[in-house]
Amino acid sequence: MERPTDWDAQWRVEPLDPAAPDAEERTPRWRAQERLVLERFGSFARLQVVELGAGRGLNAFLYARRGARVTLLDVSTLVLSQAEELFGAHGLAVELVEGDVFDLPAEVRERFDVSMSFGLCEHFLAERRRRVVGSHLEVLRPGGIAMIGVPNRFAPAYRLWMGVLKARGSWPLGTEVPFSARELATLARAAGGEPLEPVYGSFAASVVNHGVNQALFKLGRKGLSVPQPAVPMLDRLGYELLLPVVRPG
Ligand SMILES: C[S@@+](CC[C@H](N)C(=O)[O-])C[C@H]1O[C@@H](n2cnc3c(N)ncnc32)[C@H](O)[C@@H]1O
């Protein structure tokens, strides 16, 4: 059974971190997106991009900063208004769509060059897991590419952190079931997409984020800035998993 998350309650208390976009730009998942976009489209300028379950649209913000035309889709009006303020404060245009990935509005279907999500798909189970992956392809025009970001099932620091919070009864979200690259690729193929090679985040980043910094926060201290060294085999145990999926032309 899926356990729902009260996203508005999360967004009401989540502080706005002005350093978040610059930190995100240093991650392997952003660097991989930048490389793939430049290889496929030559430039970000005027690309049509949508972030699904966008929250404040952190990755969409980086696309917008490079000249893409971005749309954020989310069920939460609260977070969309926070995103509007954030983009506005940086002089960036953004289109907001209040909508459900399981009932996509006609205005977003088959329209985008790039679709993406980060931290969305793992909150659904069974048939809804397949459908949420499929929604990334439904909003793309043929030849477009989806960037699907989820937690990696084989990330020990993240799994341990989640296990501790659940055992203590302080896990703040509802259902969250991480993915293997194989499961995600199978769902993407079933939805008619062509998965490319998965990209893993830095294992060291995951140890700092889910281990060292969590301990520091408990002690009332500031967290360390998160390093992003790449160690190819070890990074298969990192938290971030990004699967790029092409919608055939
Ligand atoms: C973990 S947050 C991800 C936020 C953002 N992508 C980020 O990286 O910060 C998940 C978001 O998905 C949204 N969401 C959950 N279910 C949804 C649905 N069925 N359709 C659209 N958005 C949904 C929530 O409102 C929430 O803002």
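Predicted model: local features only at pLDDT ≥ 70, side-chain atom pairs only at ≥ 80, totals over all residues.
Residues are numbered from 1 along each chain as its sequence is written.

Around the ligand stand 16 residues, a residue being near a molecule if its C-beta atom, placed from the backbone, lies within 6 Å of it. The closest of these are Trp7, Gly53, Gly55, Phe118 and Gly119. Sorted by class, this shell holds nine nonpolar, four polar and three charged residues, where Ala, Val, Leu, Ile, Met, Phe, Trp, Tyr, Cys and Pro count as nonpolar, Asp, Glu, Lys and Arg as charged, and the others, Gly among them, as polar.

Helices here are DSSP runs (H or I, at least four residues), numbered from the N terminus. The axes of helix H6 (residues 126–138) and helix H8 (residues 181–190) come within 9 Å and cross at roughly 65°, each axis being a line fitted to C-alpha atoms over the stretch in contact, with angles running from 0 to 180 degrees between N-to-C directions. That angle makes H6 roughly perpendicular to H8, a term that covers 65 to 115 degrees. Arg129, Arg130 and Val133 of H6 meet Leu187, Ala188 and Ala190 of H8, contact requiring C-beta atoms, placed from the backbone, within 7 Å. This contact of H6 with H8 comprises four nonpolar, no polar and two charged residues.

Helix H7 (residues 156–168) has 13 residues, which at 1.5 Å a residue should span 18 Å, and its end C-alpha atoms are 18 Å apart, in agreement; the expected span is 1.5 Å times one less than the number of residues. Just after H7, glycine 169 takes a positive phi of about 75°. H7 also packs against helix H9 (residues 203–218) at an angle of about 35°, with their axes 8 Å apart. Here Ala157, Tyr158 and Trp161 of H7 touch Ser206, Val207, His210, Gly211 and Gln214 of H9, and the contact of H7 with H9 has four nonpolar, four polar and no charged residues.

Conventions
Helix = DSSP H or I, 4+ residues; strand = E, 2+ residues; numbered from the N terminus. Parallel < 35°, antiparallel > 145°, perpendicular 65-115°, else oblique. Contact = placed C-beta atoms within 7 Å.
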